[in-house]
Amino acid sequence: MSVGAGVACVGAAVWLMGSRHHGARRARLLLAGGGVVGTGPPPWDRAVGELRRLRGRLGGEWWAPVVGLVLGLLGSSVIPVLAGVAGVPVLRRLRLARDARRERERCGDAVIALCGALAGEVRAGRQPGEALLRAARDSGGLGEAQASVLAAARFGGDVPGALGTAARQPGAEGLLGLAACWRVAVDQGAGLAAGLDRLDAALRAERDQRADLKAQLAGPRATTVMLAALPALGLLLGSAMGAHPLHVLLHTGAGLGCLVVGGLLEGAGVWWAARIVRGAEAA
C-alpha cells in the first residue's frame, strides 16, 4: 500500500508541476504582449507535451499494465502484470465501441440539425439545391460524403442517390428520409419544407426515446460497475486488516484456485449484466 501510494503521489506531483509550469509560461507570453520569449519552449514543456500526446494516442486501456505492475510489485508476483497485459485488448475493444457509439450519436444530431436548417432555408424561399448547400455548410450533417452530396446539389446531379450513399454512415440513417422527401418534392412537386418538418420531428422523437432509455438504464449500469468493483474493495479491506490477501491469492494453491474461480465468475457476471442491458437497448 505504501509503494502504491508513493507512485500515485509522484505521478500527481509531476502532472501538477507540468500544468503549473505550462500556465506560468502562457502568462509570461501574454504579459509580454505576444512577443517571443526565448528561442522555443523549454525541455520540460516539450516533454510534458509529448507525454500528453502519447497518452491521447494510447488510450486509457494502457493503464491496465501499469496497475498490474503496481500490484505485481506489492504482491511479489508476475501474475498481475500478465493479467494487466491481457486486459489491454479487451479494454481497447470497449473503448472503441464507446467511441463508435458517441460518433453515431453525434452524427444523428448533425442529421437532425441538417433537416431543421434545410427546412428553414426552403421556407425562406430558396431553391432546394441552394438551400441544401447552405444548410450542409452550417450543420455538417453529411459527414464524409458531404462533398459528393454538395456536388450533386450544385450541378444538378442525383441528390437522393448521394444522400442514400451518405446514409450508410453509422448514425446517418435519417438521411434516407431526407432523400425520400427530396425525391417526392422534386419529382411530384410536393412541399419539401412540410416533409422536412415531419422528418425532423420524427428524428427528434426517436432521439428523445433513446435518451430516455439511456437514463432508465443508468441505474442498472451503475449497479453493474459497483458489483464489479466489490472484489477490489475486499482486497483493500483485507490489506487494511493485515490479512495480506495478495500474498494468499498469489502464493498459495488455495489462493490461486480462488483467484481463477473468482475471476471467471466475475467475468461471467459482468458479461451477463451487460447482455441484459444490451437486450433492453435493442428492444
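E121 is found in helix α4, where helices (H or I, at least four residues) and strands (E, at least two) are DSSP runs numbered from the N terminus. Leaving aside residues up to four places away in sequence, E121 touches R126, A131 and R134, a contact being heavy atoms within 4.5 Å.

This is a predicted model, in which local features need pLDDT of at least 70 and side-chain atom pairs count only at pLDDT 80 or more, while totals for chains, interfaces and linings use all residues. Residues are numbered from 1 along each chain as its sequence is written, and side-chain values use heavy atoms, with hydrogens and water left out.

## The chain as a whole

The chain has 11 helices and zero strands, and its elements, read from the N terminus on, run α-α-α-α-α-α-α-α-α-α-α. Of its 283 residues, 26% count as buried. Among the contacts in the chain with a separation of 6 or more, 53% come from residues 24 or more positions apart.

## Helices α4 and α9

Helix α4, residues 79-123, packs with helix α9, residues 192-240, at an angle of about 155°, and their axes are 9 Å apart; axes are lines fitted to C-alpha atoms, for helices over the stretch in contact, and angles run from 0 to 180 degrees between N-to-C directions. α4 and α9 are therefore roughly antiparallel to each other, since angles over 145 degrees count that way, whereas those under 35 count as roughly parallel, 65 to 115 as roughly perpendicular and the rest as oblique. α4 passes α9 in a left-handed crossing, which is one where the near helix is turned anticlockwise from the far one by less than a right angle, a right-handed one being clockwise.

On the α4 side, the contact is made by E105, D109, V111, I112, C115, G116, L118, A119, V122 and R123, and on the α9 side by L192, A193, L196, D197, L199, D200, L203, R204, R207 and K214. These residues divide into 11 nonpolar, one polar and eight charged, where Ala, Val, Leu, Ile, Met, Phe, Trp, Tyr, Cys and Pro count as nonpolar, Asp, Glu, Lys and Arg as charged, and the others, Gly among them, as polar.

## Helix α6 and its partners

Helix α5 (residues 128-139) and helix α6 (residues 146-154) pack at about 155° with axes 8 Å apart, and are therefore roughly antiparallel; α5 passes α6 in a left-handed crossing. G129, L132, L133, A136 and R137 of α5 meet Q146, V149, L150, A153 and R154 of α6, and by class this contact has six nonpolar, two polar and two charged residues.

The axes of α6 and helix α7 (residues 159-166) come within 9 Å and cross at roughly 170°, so these two helices are also roughly antiparallel to each other. Their contact is made by S148, V149, A152 and A153 of α6 and V159, A162, L163 and A166 of α7, which divide into seven nonpolar, one polar and no charged residues.

## Cysteines

A disulfide is a pair of cysteine sulfur atoms within 2.5 Å, and by this rule the count comes to zero. The sulfur of C181 is 7.7 Å from the closest cysteine sulfur, in C115, and that is too far for a bond. C258, with a relative accessible area of 53%, is exposed.

Conventions:
Buried means under 20% relative accessible area, exposed over 50%, partly exposed in between (1.4 Å probe, protein chains only).
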